[in-house]
Amino acid sequence: MTRKVEEKVSRPNARLYIKARVRLLANAGKIAAVANISINDAFAIKGIRITEGSRGLFISMPSTSFENNKGETEYREMAFPITKEARDQMTATIMAAYHQAIADVQMRAVKMNQLQEDAVEMQMM
């Protein structure tokens, strides 16, 4: 027997505290990165995909596949934001972390290039 228990907490316009960590992927097709988030330091969602689509980047929540009664494979998200506001906030946080990860990689590449140039100059002295 399954019982449904609900506890409603009214928090109008309450913003979620979301932290995101992004791992960039190379040679992964259309999947650019994978993100893990924590919400209000109480709930974690791992394996959120950042995918390049025909209209730009979008996030895909972790999902599971199953075969429907027609024998076709379907996918269902295992965790997902219920409200548009929560989805927008989650997407904004994940995309900001994604762009920061790209900036960090670019900065490391610039620093490595500078170190290599400095090493060549030192050898020429």
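Tutor: Let's start with Ser60, a residue of strand S4, which covers residues 56-60. Keep in mind that this is a predicted model.

Student: How far apart are Ile59 and Thr91 in sequence and in space?

Tutor: They are 32 residues apart in sequence, and their C-alpha atoms are 6.9 Å apart in space.

Student: And Ser38, why is that one called buried?

Tutor: Ser38 sits in strand S2. Its value is 18%, and the cut-off is under 20%, so Ser38 is buried. Beyond four places in sequence, Ser38 touches Tyr17, Ile18, Lys19, Phe43 and Ala44.

Student: What makes Asp41 exposed?

Tutor: Exposed means over 50%. Asp41 has a relative accessible area of 53%, so Asp41 is exposed.

Student: Where are Asn40 and Asp41 found?

Tutor: Asn40 is in the loop between S2 and S3, and Asp41 is in the loop between S2 and S3 as well. Look at the backbone there: Asn40 has a positive phi of about 55° although it is not a glycine. Asp41, also a residue other than glycine, has a positive phi near 50°.

Student: Now the sheet. In what order do the strands of the open sheet come?

Tutor: The order is S1-S2-S3-S4, with 4 strands and antiparallel pairing.

Student: Why do S1 and S4 count as edge strands?

Tutor: Strand S1 (18-24) and S4 each have a single partner strand, so one side of each is left without a neighbour in the sheet. From one strand to the next, the twist averages 25°.

Student: How do you know that S1 and S2 pair?

Tutor: Two strands pair if there are at least two bridges between them. S1 and S2 have 7 bridges in the antiparallel sense, so they qualify. For one of the residues, Ala20, the bridge partner in S2 is Ile37.

Student: What does helix H1 touch in the sheet?

Tutor: H1 packs on the sheet and touches S1, S2, S3 and S4, with its direction at about 45° to that of S1. The buried residues of H1 are Ala86, Gln89, Met90, Ile94, Met95, Ala97, Tyr98 and Ala101. Those buried residues pack against S1, S2, S3 and S4.

Student: How does the reach of H1 compare with the expected span?

Tutor: H1 has 41 residues and reaches 60 Å from its first C-alpha to its last, close to the 60 Å expected at 1.5 Å a residue.

Student: Which residues touch the most other members of the largest nonpolar core?

Tutor: Ile37, Ile45, Ile48, Ile50, Ile59, Met90 and Ile94, in a core of 16 residues. Strand S2 (31-39), strand S3 (43-53) and helix H1 (84-124) each supply at least two residues of this core. The largest share, 5 residues, comes from S2.

Student: What does Ile50 touch beyond four places in sequence?

Tutor: Its contacts include Val22, Ala33, Leu57, Phe58, Ile94 and Tyr98.

Student: And the chain as a whole, what pattern does it follow?

Tutor: Along the sequence the pattern is β-β-β-β-β-β-α, with 1 helix and 6 strands. Buried residues make up 22% of the 125 residues. The accessible surface comes to about 10,300 Å², and 53% of that belongs to carbon and sulfur atoms.

Conventions
Residues are numbered from 1 along each chain as its sequence is written. This is a predicted model: local features need pLDDT of at least 70, side-chain atom pairs count only at pLDDT 80 or more; totals for chains, interfaces and linings use all residues. Side-chain values use heavy atoms; hydrogens and water are left out. Buried means under 20% relative accessible area, exposed over 50%, partly exposed in between (1.4 Å probe, protein chains only). Accessible areas come from the Shrake-Rupley method with a 1.4 Å probe; for residues, only the protein chains shown count as cover. A nonpolar core is a set of buried Ala, Val, Leu, Ile, Met, Phe, Trp, Tyr and Cys residues joined through side-chain atoms within 4.5 Å. Contact means heavy atoms within 4.5 Å. Axes are lines fitted to C-alpha atoms, for helices over the stretch in contact, and angles run from 0 to 180 degrees between N-to-C directions. The expected span of a helix is 1.5 Å times one less than its number of residues.
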